[in-house]
Amino acid sequence: MINFRKLFRFGRPAPVKATQAPDGDPKIVLSDHALAQMMFYLSVVKSEFGFAMEGRRLGHTVYVDGIFVPHQVGSSAYWEQTYPDGLDDVYLHFKNTPGVAQVGWGHSHCSFGAFHSSVDINTTKANGEMLKIPSVSLTISRNTRMFDGLMCVEDGGQTKIVDAQVVLPFNPETDKISDGSDIEAHEF
Ligand SMILES: [Zn+2]
C-alpha cells in the first residue's frame, strides 16, 4: 500500500522500471491521470464509489491509464452499479473507445482502511472470470488515501487472486515514467 499523503508532502518515491519480466511480480502502475481522477472523485463523492479501470497489460504488470465511473448507487459502506444504466455505461464506454481495454474494477472505502473484504475478494474473482486475465482490483481509503491492490492471474487453469503492489505513476501521453524510461511493450 502507498500513503499518498506522504507522497504529496515529501515527493514521490522512484517508480519501478516499467519493463518487467513478462511474469514478474504483480504490479498495478497508476498514471498521473488515473491518480488525479481518483483524487477528484474522492474529494467530491461522500459515499463509496466504484470505477472501471482503463489500461494495458505487460505480463503481470497492469498499467492503469484512467478510470471510468458508471451510473451507480452507494452509501458509506456499499456501492453498486445500477441496472441497466450502469451496466450500459460500461459496455458503451469500452465499445465506443477502441484500443482502450478494461483491466479491472476499483472502489473507495469511506470509514475504514484500504483492504479487500471477503465480499471484495469474491467480486474480484467473479470479475476476473469475466475480464481478460490478468485483471486487477483496487480499494482506496477515503480516510487514509491508502491503496490496496489485488490481481487475478491464471494458475493451472484456475483463476487465482494474488496481492499486487500499487506503483506510481507514469505519464500516459509519453509512456515515460519519472526516471525517463519507456514503457516498451503492452497489450490491450
Ligand atoms: Zn470494499
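Trainee: Which residues does I28 touch, leaving out those up to four places away in sequence?

Mentor: In this predicted model, I28 touches V62, V64, V136, L138, G149, A164, V166 and V167, when residues up to four places away in sequence are not counted.

Trainee: And which residues touch the most other members of the largest nonpolar core?

Mentor: That core has 26 residues, and I28 is one of those that touch the most other members, together with M53, V62, V64 and V136. At least two residues of the core are supplied by each of β1 (27–31), α2 (32–44), β2 (50–58), β3 (61–68), β6 (101–109), β7 (135–141), β8 (147–155) and β9 (158–171). As a general point, nonpolar side chains in soluble globular proteins tend to be buried together.

Trainee: How many helices and strands does the chain come to?

Mentor: The secondary structure comes to four helices and ten strands, and along the sequence the pattern reads α-β-α-β-β-β-β-α-β-α-β-β-β-β. Buried residues account for 33% of the 188 residues, and among contacts between residues at least 6 apart in sequence, 71% join residues at least 24 apart.

Trainee: Switching to β4 and β5, do they run parallel or antiparallel?

Mentor: Strand β4 (residues 72–75) and strand β5 (residues 78–81) run antiparallel and are joined by four bridges, with Q72 having Q81 in β5 as its bridge partner.

Trainee: What about R145, is its phi positive or negative?

Mentor: R145 has a positive phi of about 60°, although it is not a glycine, and this residue sits in the loop between β7 and β8.

Trainee: Why does R145 count as partly exposed rather than buried?

Mentor: R145 is partly exposed because 19 other C-beta atoms lie within 10 Å, whereas a buried residue needs 20 or more.

Methods:
Residues are numbered from 1 along each chain as its sequence is written. This is a predicted model: local features need pLDDT of at least 70, side-chain atom pairs count only at pLDDT 80 or more; totals for chains, interfaces and linings use all residues. Two strands pair if DSSP finds at least two bridges between them. A nonpolar core is a set of buried Ala, Val, Leu, Ile, Met, Phe, Trp, Tyr and Cys residues joined through C-beta atoms within 7 Å. A residue is buried if 20 or more other C-beta atoms lie within 10 Å of its own, exposed if 12 or fewer, and partly exposed in between; C-beta atoms are placed from the backbone. Two residues are in contact if their C-beta atoms, placed from the backbone, lie within 7 Å.
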